[in-house]
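Visitor: I'd like a close look at one part of this, with the cut-offs spelled out. Pick a stretch of chain and walk me through what surrounds it, please.

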Amino acid sequence: MIAEAKLRAGVIYGDAATDEYVYMPGSELGVAEPLCVYEDGGLRRDVDMGEALRLIRVRSLKPTRHPLLGDSSC
C-alpha cells in the first residue's frame with residue numbers, strides 16, 4: 001500500500017482543520033512491527049500500522065505539514 005510506504009518514509013498525514021495527524025516516529029523506522037502516533041485535538045496515542053492506515057483512509061488524511069514537527073516528506 002502506498003500510504004504504508006509513505007509512513008515508513010517519514011510522511012506525516014493529517015488535516016489541519018480537524019487537528020488530526022498520523023505519523024511514524026523516527027525511532028520506529030526499520031522496526032518490523034512499528035507503532036505510529038495518532039494525534040487528535042492535541043491528544044496523542046500509539047496505534048499499530050493497521051490502525052494508522054485505517055485512520056488515514058476513513059478520516060481522509062493527506063500528506064501535510066505538522067504544526068510542531070514541520071513538513072512531511074511528501
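Guide: Contact here means heavy atoms within 4.5 Å. With that in hand, and not counting residues up to four places away in sequence, Glu28 touches Glu33, Pro34 and Leu35. Before going on, note that this is a predicted model, where local features need pLDDT of at least 70, side-chain atom pairs count only at pLDDT 80 or more, and totals for chains, interfaces and linings use all residues. Residues are numbered from 1 along each chain as its sequence is written, and side-chain values use heavy atoms, leaving out hydrogens and water.

Back to Glu28, which sits in the loop between β2 and β3 (strands are DSSP E runs of at least two residues, helices H or I runs of at least four, numbered from the N terminus). Even so, Glu28 has no salt bridge (a side-chain nitrogen of Lys or Arg within 4 Å of a carboxyl oxygen of Asp or Glu). Arg8, the nearest side chain of opposite charge, is 8.5 Å away from Glu28 (Lys and Arg count as positive, Asp and Glu as negative, with His and the chain ends not counted). Val31 belongs to that loop between β2 and β3 too, and with 32% relative accessibility it counts as partly exposed. From Val31 to Ala52 it's 21 residues in sequence and 15 Å in space, C-alpha to C-alpha.

Now follow the chain back into β2, residues 20-23. Glu20 and Val22 point one way from this strand, Tyr21 and Tyr23 the other, and all are buried. Glu20 has a relative accessibility of 2%, so it counts as buried. What does the Glu20 side chain make polar contacts with? Tyr38 at 2.5 Å and Arg59 at 2.9 Å (N or O pairs within 3.5 Å; within protein, one must be able to donate a hydrogen and the other to accept it, and sequence-adjacent residues count only if both atoms are side-chain atoms). Setting aside neighbours within four places in sequence, the contacts of Glu20 include Tyr13, Gly14, Glu39 and Leu61.

Next, the pairing around β2 (two strands pair if DSSP finds at least two bridges between them). On one side, β1 (residues 13-15) runs antiparallel to β2, joined by three bridges, with Asp15 partnering Glu20. Four residues lie between the strands of this hairpin, and Asp19 takes a positive phi near 55° there. β2 also pairs with β3, antiparallel again, over four bridges; here Val22 partners Tyr38. Tyr38 has a second bridge partner, Arg45 in β4. Six bridges hold β3 (residues 35-40) and β4 (residues 43-48) in antiparallel pairing, and their hairpin has two residues between the strands, with Gly41 in the turn at a positive phi of about 65°.

Of its 15 residues, Leu7, Tyr13, Val22 and Cys36 touch the most other members. α1 (2-8), β3 and α2 (49-58) each supply at least two residues of this core, and α2 gives the most, five. Beyond four places in sequence, Leu7 is in contact with a list including Tyr13, Val22, Cys36, Ala52, Leu53 and Ile56.

Definitions and conventions. Buried < 20%, exposed > 50% of the residue type's maximum accessible area, 1.4 Å probe, protein only. Core = buried A, V, L, I, M, F, W, Y, C linked by side-chain atoms within 4.5 Å.
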